[in-house]
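User: Hi, can you walk me through this structure? I'd like to go piece by piece.

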Amino acid sequence: MKKIINDPKRVVDESVAGFGRAHADIVRVEFDPIHVVRADAPIAGKVGLVSGGGSGHEPLHAGFVGLGMLDAAVPGAVFTSPTPDPILAATKAVDGGAGVLHIVKNYTGDVLNFETAADLAAADGIEVRAVVTNDDVAVKDSLYTAGRRGVAGTVLVEKIAGAAAERGDSLDEVAAVAERVNANARSMGLALTPCIVPHAGEPSFTLAEDEIEIGIGIHGEPGRERVALEPADRLVERLLDPILEDLPYTSGERTLLFVNGMGGTPLVELYLAYGHAAAVLADRGIEVARSLVGNYITSLEMQGMSITLLKVDDEMIELWDAPVQTAALRWGR
């Protein structure tokens, strides 16, 4: 194992500390218990947004804390859900009196721990709602989930719901926007190589030199099938076809097309994949109204990609375009 680390047990703490120093104009970092908070939180009268989960998916979630997105993020150990205590601390830290929305990826540990934290917050008089993201079309159930996994669509939920909170929407209204985005987002990914969790020191799964895994999860969970490596256009179609089958589109509908890298994939390959995905959609009469390409929800150094398609309306586009200033997304301010 070759990694730029000190003690494998200290990777998350040291990384989060470095993140806080690098982006002190946007966030503050608390360590007892660990959570990352928007520098100007809490904001009176504004709905607070909190998300989190296992580390190793950077920039998700701390990289999306700031104006127009999350108010706090709670990092767990690598690929491990945070416990209720830091989630509760983050919830209290962003409570401006208008309630708090938890955005939770559909993994069993995340769901249970966020639910516990929400119950504890309610006992302290904080109104909490939760939206569970489940955009992955690859598998219905996995080792980590009951139902579909929450993957790259989570980024789109955080951005669009974050903009709704920023403009002053109520807790019910922000939750409704988040639910609508989740309901209209579909994702599927693939892996060319496994990743190595620092404390494990070995690959999370094995692939032959000419093999890839279709439908991979963001923790290295198995997908639908293993196939021989194919040209990029065919790989894009293997991801895009199930998405289009799962949420049927008609000609003239508008989308946000998100091609995401899994951590070890260079942009030259991601843009190549985006080009073919956009062409496939154009051939079907589906408009790409907005786009996002890059490494935004990763699996450490895994080589691979995911494709997310979000069916958008005028309000979603307006909220997507709204100003955002975080470590990982910045525009419009």
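User: Let's start with a loop. Where is Pro59 found?

Analyst: Pro59 sits in the loop between S3 and S4. Keep in mind that this is a predicted model.

User: Which residue is joined to Pro59 by a cis peptide bond?

Analyst: Glu58 is joined to Pro59 that way, with omega about 15°.

User: And what kind of peptide bond joins Leu60 and His61?

Analyst: A cis bond, with omega about 0°. His61 lies in the loop between S3 and S4, and Pro59 is in the loop between S3 and S4 as well.

User: OK, on to Phe79. What is its phi near?

Analyst: Phi of Phe79 is near 60°. That is a positive value, in a residue other than glycine. Most residues other than glycine have a negative phi.

User: Where is the place of Phe79?

Analyst: Look in the loop between S4 and helix H2, which covers 84-94.

User: How does the lining of the largest pocket divide by class?

Analyst: There are 15 nonpolar residues, nine polar and three charged.

User: What about cavities? How many of 30 Å³ or more does the structure hold?

Analyst: The structure holds one. The largest cavity has a volume of about 80 Å³.

User: Which residues line the largest cavity?

Analyst: Here they are, in order: Asp136, Val151, Ala152, Met188, Gly189, Ile216, Gly217, Ile218, Asn260, Met262, Ile297 and Ser306. By class, seven are nonpolar, four are polar and one is charged.

User: Now helices. At what angle do H4 and H5 pack?

Analyst: About 155°. H4 is residues 153-166, H5 is residues 171-183, and their axes are 9 Å apart. Angles over 145 degrees count as roughly antiparallel, so H4 is roughly antiparallel to H5.

User: Which hand does that crossing have, left or right?

Analyst: H4 passes H5 in a right-handed crossing.

User: Which residues meet there?

Analyst: From H4, you have Leu156, Val157, Ile160, Ala161, Ala164 and Ala165. From H5, Val174, Val177, Ala178, Val181 and Asn182 meet them. The contact of H4 with H5 has 10 nonpolar residues, one polar and no charged.

User: How do H4 and H8 cross?

Analyst: The axes of H4 and helix H8 (residues 314-321) cross at roughly 90° and come within 8 Å. Angles of 65 to 115 degrees count as roughly perpendicular, so H4 is roughly perpendicular to H8.

User: And who meets whom in H4 and H8?

Analyst: Leu156, Lys159, Ile160, Ala163 and Ala164 in H4 meet Met316, Leu319 and Trp320 in H8. This contact has seven nonpolar residues, no polar and one charged. Leu156, Ile160 and Ala164 of H4 also meet H5.

User: Last pair: H6 and H7. At roughly what angle do their axes cross?

Analyst: Roughly 50°. H6 is residues 232-246, H7 is residues 267-283, and the axes come within 9 Å. That makes H6 oblique to H7. Their crossing is right-handed.

User: Which residues make the contact?

Analyst: H6 brings Ala232, Asp233, Val236, Glu237, Leu240 and Leu244. H7 brings Leu272, Ala273, His276, Ala277, Val280 and Leu281.

User: How do these residues divide by class?

Analyst: In the contact of H6 with H7, nine are nonpolar, one is polar and two are charged.

Definitions and conventions:
Residues are numbered from 1 along each chain as its sequence is written. This is a predicted model: local features need pLDDT of at least 70, side-chain atom pairs count only at pLDDT 80 or more; totals for chains, interfaces and linings use all residues. Side-chain values use heavy atoms; hydrogens and water are left out. Ala, Val, Leu, Ile, Met, Phe, Trp, Tyr, Cys and Pro count as nonpolar, Asp, Glu, Lys and Arg as charged, and the others, Gly among them, as polar. Axes are lines fitted to C-alpha atoms, for helices over the stretch in contact, and angles run from 0 to 180 degrees between N-to-C directions. Helices (H or I, at least four residues) and strands (E, at least two) are DSSP runs, numbered from the N terminus. Angles under 35 degrees count as roughly parallel, over 145 as roughly antiparallel, 65 to 115 as roughly perpendicular and the rest as oblique. A crossing is left-handed if the near helix is turned anticlockwise from the far one by less than a right angle, and right-handed if clockwise. Contact means heavy atoms within 4.5 Å. On a 1 Å grid over the protein atoms alone, a cavity is a set of points where a 1.4 Å probe fits but cannot get out, and a pocket is an open set with protein on both sides within 12 Å along at least five of seven lines; lining residues have an atom within 4 Å of a point. Grid points are joined across faces, edges and corners, and a volume is the space filled by probe spheres set on the points.
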